[in-house]
Amino acid sequence: MLYNSGLLKFRKISSPSNDKLGYLTPIECPNDIPFEIKRIYYIYDVKKEIVRGNHSHKKLHQVLLCLNGSIDIRLENFFGEKKFTLNDPSVGLYVGPDNWREMSNFSEEAVLLVLASEKYDEDDYIRDYDTFVEYNQKKYGGIK
Ligand code: TYD
């Protein structure tokens with residue numbers, strides 16, 4: 001079981017009378033995502049061999065969207081792990097607290113947009129894997 005994460009399918013608005021217009025995907029709070037957005041940031045120009053992330057958050061909720069290209073995401077938490085490939089700008093990956101994340105295999109010109117529930121706070125990060133395991137064992141060990 002994967003706790004606290006999952007794919008969200010957003011609307012993809014097109015014009016039936018003119019398919020050259022392309023698509024528009026709106027995201028509104030709280031209808032489309034389960035938190036109020038306080039920050040957005042985006043990651044781009046990442047070389048193929050690079051793995052970013054390698055941390056979890058204690059309180060932060062995020063939605064990750066690959067606006068262009070393709071990016072692999074691996075999530076791990078106390079209950080299991082799951083891999084996703086993001087390659088559709090109308091699909092977001094909700095990532096709640098206590099998920100260790102690794103973003104890899106960025107295609108050329110991939111852009112990862114992140115919608116976040118809080119402003120940047122380094123104290124909310126767990127960047128050491130052993131600390132992450134220990135923290136989650138204490139928090140969830142009793143309910144497995
Ligand atoms: P980090 O979250 O570690 O990036 P990733 O997980 O994608 O590898 O952030 C990288 C650096 O950027 C780190 O020094 C903190 C800084 N940063 C900010 O200043 N503001 C932000 O909103 C974010 C997300 C990071």
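Modeller: Terms come first: strands (E, at least two residues) and helices (H or I, at least four) are DSSP runs, numbered from the N terminus. A residue is near a molecule or strand if one of its heavy atoms lies within 4 Å of it. This is a predicted model, in which local features need pLDDT of at least 70, side-chain atom pairs count only at pLDDT 80 or more, and totals for chains, interfaces and linings use all residues. Residues are numbered from 1 along each chain as its sequence is written, and side-chain values use heavy atoms, with hydrogens and water left out.

Now the site. Around the ligand sit Arg39, Tyr41, Ile43, Arg52, Gly53, His55, Met103, Tyr120, Tyr125 and Arg127. Strands E2 (39-44) and E3 (52-57) each give at least two residues to this shell. By class, five shell residues are nonpolar, two polar and three charged. In this scheme Ala, Val, Leu, Ile, Met, Phe, Trp, Tyr, Cys and Pro are nonpolar, Asp, Glu, Lys and Arg are charged, and the others, Gly among them, are polar.

Next, the polar contacts (pairs of N or O atoms within 3.5 Å; within protein, one must be able to donate a hydrogen and the other to accept it, and residues adjacent in sequence count only if both atoms are side-chain atoms). The side chain of Tyr125 places an N or O atom 2.6 Å from a ligand oxygen. For the side chain of Arg127, that distance is 2.9 Å. Gly53 uses its backbone instead: an N or O atom there is 3.2 Å from a ligand oxygen. Alone, the ligand exposes 530 Å², and the protein buries 62% of that. Accessible areas come from the Shrake-Rupley method with a 1.4 Å probe; for residues, only the protein chains shown count as cover.

Strand E2 also holds Tyr42.

Then the salt bridges (a side-chain nitrogen of Lys or Arg within 4 Å of a carboxyl oxygen of Asp or Glu). The structure holds eight. In one of them, Lys38 meets Glu118 at 3.3 Å, N to O. Lys38 is in the loop between strand E1 (5-9) and E2, and Glu118 in the loop between strands E9 (111-116) and E10 (125-126), so this pair ties together parts 80 residues apart in sequence. Glu118 is partly exposed, at 34% relative accessible area. The cut-offs are under 20% for buried, over 50% for exposed and in between for partly exposed (1.4 Å probe, protein chains only).

Past E10 comes Asp128, in the loop between E10 and H1. Asp128 is partly exposed, with 41% relative accessibility. Helix H1 (residues 129-140) holds both Glu134 and Lys138, four residues apart, about one turn of the helix. These two form a salt bridge, with closest N and O atoms 3.9 Å apart. Glu134 and Lys138 are both exposed. Elsewhere, shared partners join Arg74, Glu76, Glu81 and Glu102 into one salt-bridge network. Arg74 is buried, at 17%, whereas Glu81 is partly exposed, at 47%.
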